[in-house]
Amino acid sequence: MLTIDHLSASYKTMDKDVLTLNDLNLKIHDNEIFGIAGESGCGKTTLLKTIYDITEYPLQIDSGKVMLTGEKNGKEFHYETGNIRKTWWENITYVPQAAQSVLNPIVRIKRQFLDSIPKEQRGNETEEEVLNRVKKYLEELQLSPDILEAYPFQLSGGMRQRVIIALATFMSPGVVLADEPTTALDVVVQKGILMLLMRLQRQFQNTIVLVSHDMGVHYQVTDRMGIMYSGSFAEIGRTGDIFRDPIHPYTKMLVDSLPRVGDKSQKAGIPGRPPALKNPPPGCRFAPRCPKATDLCRQEVPELVEVEKGRYAACHHNEREVE
Ligand SMILES: Nc1ncnc2c1ncn2[C@@H]1O[C@H](COP(=O)(O)OP(=O)(O)OP(=O)(O)O)[C@@H](O)[C@H]1O
Ligand SMILES: [Mg+2]
């Protein structure tokens, strides 16, 4: 299980700290695909980086922590912010945004697999034995072992992304963090990558944290999701419930902006822009764009509360409305 406990983080800049994650709390369960959605700049990548413990200057955790607990090969483990990197690849892995550059363009894929395994975990296995395991793994993911002989530049963008996902998950980590894994790809290839992630999850029963600004992606693959707005969660819940019946006005706008089958109307998009994180407005950060905003919203920050079982929203108007 992945527990995010009162996590706040900021970027140190010359004149001011930019508070980018604002007291986040979240439990991501074993065996689920958890989605994180929200507009560009709301802090999705920053959240994944802090979970993965790559908080290099100017990013800094101001308070709180992330805990990664579970059991592997009959042994319990517990890692938290500060030592999570000790268990990279083994229990948690990260596919960064614009991951294509992760692959070395002049090294064959098989060498990149071999080099990705820490020596202490290879034991007495020969390279050939490791490669046989890699081949079996690729077959399980329905990828051709032939790609092992290729150089990255010989593969299409979609295939490179599949290789990166296979590489990141080869050591069967319980948690896979994937940042916009489909964004740069066309729709058909996107679908293939999403299928791969779902297959992976079903086969290995791991947890996938999937970041995407694309609500359509979340609708297709995630079990639960969190909607981020300006460094906080606006809403958390089961994906089906969020789409069927969004609580937060921001979620409602995101859901309404999705085109539906047969609907030819022009989508309005969300008026206004997200607030600058440097000088956020007081009160609810969504208030300047919110059709329901009242004086209370402009003055007081709404807390994220459990509105229904397993359903959280940070909105002063969270009483369920009967329409
Ligand atoms: N190195 C940095 N120094 C200062 N501010 C930064 C830095 N990196 C990111 N930020 C700020 O932190 C905020 C969150 O950035 P982040 O990359 O986490 O957003 P995101 O939700 O992943 O966006 P996108 O959808 O575009 O990938 C942004 O407002 C950004 O300007
Ligand atoms: Mg990002």
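This is a predicted model: local features need pLDDT of at least 70, side-chain atom pairs count only at pLDDT 80 or more; totals for chains, interfaces and linings use all residues.
Residues are numbered from 1 along each chain as its sequence is written, chains are lettered from A and ligands numbered from 1 in the order in which they are written, and side-chain values use heavy atoms, with hydrogens and water left out.

Colleague: Which residues coordinate the magnesium ion (ligand 2)?

Modeller: Donors are N, O and S atoms within 2.8 Å of the metal (3.2 Å for Na, K and Ca), and because water is not among the atoms, sites may look incomplete. At 1.9 to 2.2 Å, the coordinating atoms are OG1 and OE1, which belong to Thr 45 and Gln 97.

Colleague: How many residues apart in sequence are the parts that this pair ties together?

Modeller: Helices (H or I, at least four residues) and strands (E, at least two) are DSSP runs, numbered from the N terminus. Thr 45 lies in helix α1 (residues 44-52), whereas Gln 97 lies in the loop between β6 (92-95) and α2 (109-116), so the parts tied together are 52 residues apart.

Colleague: What is the relative accessibility of Gln 97?

Modeller: Buried means under 20% relative accessible area, exposed over 50%, and partly exposed in between (1.4 Å probe, protein chains only). Thr 45 is partly exposed, with a relative accessible area of 21%, and Gln 97 also counts as partly exposed, at 41%.

Colleague: At what distance from an oxygen atom of ligand 1 is an N or O atom in the side chain of Thr 46?

Modeller: A polar contact is a pair of N or O atoms within 3.5 Å; within protein, one must be able to donate a hydrogen and the other to accept it, and residues adjacent in sequence count only if both atoms are side-chain atoms. For Gly 41 a backbone N or O atom lies 2.8 Å from an oxygen atom of ligand 1, and for the side chain of Gln 97 the distance is 2.9 Å. For the side chain of Thr 46 the distance is 2.4 Å.

Colleague: Is Asn 318 buried or exposed?

Modeller: Asn 318 is found in the segment after β12 (311-313), and its side chain reaches the backbone oxygen of Cys 315 at 3.3 Å. With a relative accessibility of 18%, Asn 318 counts as buried.
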